[in-house]
Amino acid sequence: VIGKHFSFIVHPDDLPLVNKRFSERVLGGEQPSRYEFRIMAKDGSVKFIDYGVTVVREGEGISGLLGVGRDITNEIEWREKIKNQAIKLKEIVDLSAKLLHDDRYEDVLDSVMESARNGIPRAEAGVILLYDKNTDSLKASAVFGHPVEMRNKFYLGRTEGWAGEVFTSRTGKIINDATIYPELEIASEFPLTAQIKSSIAVPLIVDNDPIGVISLDNFTSKQAFNDDDLHFLEGLAYHAALGIRKVQMTSQLVDSEKRYRTIIESSSDLILLTDKSRKIRFCNQQFAKTFRTTADEVIGRTISEFFDDSELKPLYDVSVRDGNRPRRILTSNIQSQKRFFDVTVEKYESSEKDLGYIFFMSDVTEPTLISEWMEKAYEIGIERAGLDLFEQFASLLSEVSNAQLVFIGDYDESKDEANARIVIHGKSILHTAILPNVSKLMKGNSDGLSLLSKYFNPTVKLRAHLVSEITAFDRVVGILLVATEDEQVVSGSKFGILQLIKERLGLEYEREIKDLENRELERRLLHSQKMESLGTLAGGVAHDFNNILTAI
């Protein structure tokens, strides 16, 4: 490098900026400043450098420039990873909110496709395949990037190919060599499908019932999909399936008047019929079940006994005045637990005297709370660091899983134990605790629960626990443990929050490790400078002493 022009190591795209900055230092007389640019390492890799530049003066003139930089490649990658996670999380939150208000089937499918494209920009095409019971096959119901004619004309057998595998196994799949699936080479009718090089697909599941598959495709082999894409698409698919199922159920109610009684009673939505004085004349079983009562006990009571009048009044006003189908999110307390319902009301009138209202309600408590928890996890991950980050995430996990015990700590593989960063035990918060026999706890059986009871002596009986590894730089550095008196620690819909927290904690461990390494490098550099100064001093003393001896 010595003797070569500085541009020799600068990335070509950043060279104009670097030249401009260096010129400003010399000609403009500016003070020392810092900026970032990329350099080309000897092995061909690209590094990000945080660089400080100052002018070196000799008398009245300028003899050169002095630059000091450090490698921030890992910090840049960490920032980009957080940014990408935030973008994907926002897409899921936005889709969840949008699907609460989409009534039309096509609008729901288009919203899902748009969110998938925004969350995974590298995807060049996509398709939503919904299960058609009449043909026992998966039918293309929405597409982008593929020929529009595929919609409602492209079919795959329920067990055929990549989509069939995902649908029947109910497990997401990444395919970065799509040529292994010969059905992609079909279709003289749709020739573009034969060009697919990679694909990622996840099932659409509602109440443990698969209703279809969402798949994203690429025509360029370099654009491979990864696990982050899979996790995002799984989170998106959960909300998409709820939205699709909701629209399907609503359309069945509107289009199938002859079968309304069967559909209403088997519906997962809550349905009420009131007269003009707001007394309930009919409710379906789902309503009675949700409010922990029976249909006979509901009929004759007013709807105000279940929902607040101030929230109901706008629905009645709009329905009476305009004859529209107003929509609103209502809240209700059921056994001291706050529940959220997406409510649509429609006025009906079979005669002049017989006036009333039909209420269609969907329990959106879980997606609403998950959206709130996701947003909270995102805010904590962006705004917090250090011990405060661990405490905030532990508190959120306790809230999400209703846990009696949350433990987050550093893992020592040689001792098979974890030293606590934070422990929430009932209402107590601890910062010092040791969790031994981690490998036994990770088996997840009754022995693990017995060990937890022995270590922490909980006042309630723990019925389930979950131990998850926190990794940084491809090694286990921490342990996250959640224990609860419920039969299940974290349900499938909440698992994405746990994954997000675990990944963010892993990034925090990576940051701490890099900080330690940087401090060690600074210490060694300082030591080297001290030794150099000592050598210079010793050489000067020896020279002066030699002059004295020469004179003697």
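Which residues touch the most other members of the largest nonpolar core?

## The model

This is a predicted model, in which local features need pLDDT of at least 70, side-chain atom pairs count only at pLDDT 80 or more, and totals for chains, interfaces and linings use all residues. Residues are numbered from 1 along each chain as its sequence is written, and side-chain values use heavy atoms, with hydrogens and water left out.

## The largest nonpolar core

Ile408, Leu480, Ile501 and Leu505 touch the most other members of this core, which has 29 residues. A nonpolar core is a set of buried Ala, Val, Leu, Ile, Met, Phe, Trp, Tyr and Cys residues joined through side-chain atoms within 4.5 Å; buried means under 20% relative accessible area (1.4 Å probe, protein chains only). Among the elements giving two or more residues to the core are H11, H14 and strand E15 (405-412). Helices (H or I, at least four residues) and strands (E, at least two) are DSSP runs, numbered from the N terminus.

Not counting residues up to four places away in sequence, Leu505 touches Leu389, Phe390, Phe393, Ile408, Ile470 and Leu480.

## Helices H11 and H14

The axes of helix H11 (residues 386-401) and helix H14 (residues 495-551) come within 11 Å and cross at roughly 170 degrees. That makes H11 roughly antiparallel to H14 (angles over 145 degrees count as such). Axes are lines fitted to C-alpha atoms, for helices over the stretch in contact, and angles run from 0 to 180 degrees between N-to-C directions.

The contact (heavy atoms within 4.5 Å) includes Leu389, Phe390 and Phe393 of H11 and Ile501 and Leu505 of H14.

Terms used:
Parallel < 35°, antiparallel > 145°, perpendicular 65-115°, else oblique. Buried < 20%, exposed > 50% of the residue type's maximum accessible area, 1.4 Å probe, protein only.
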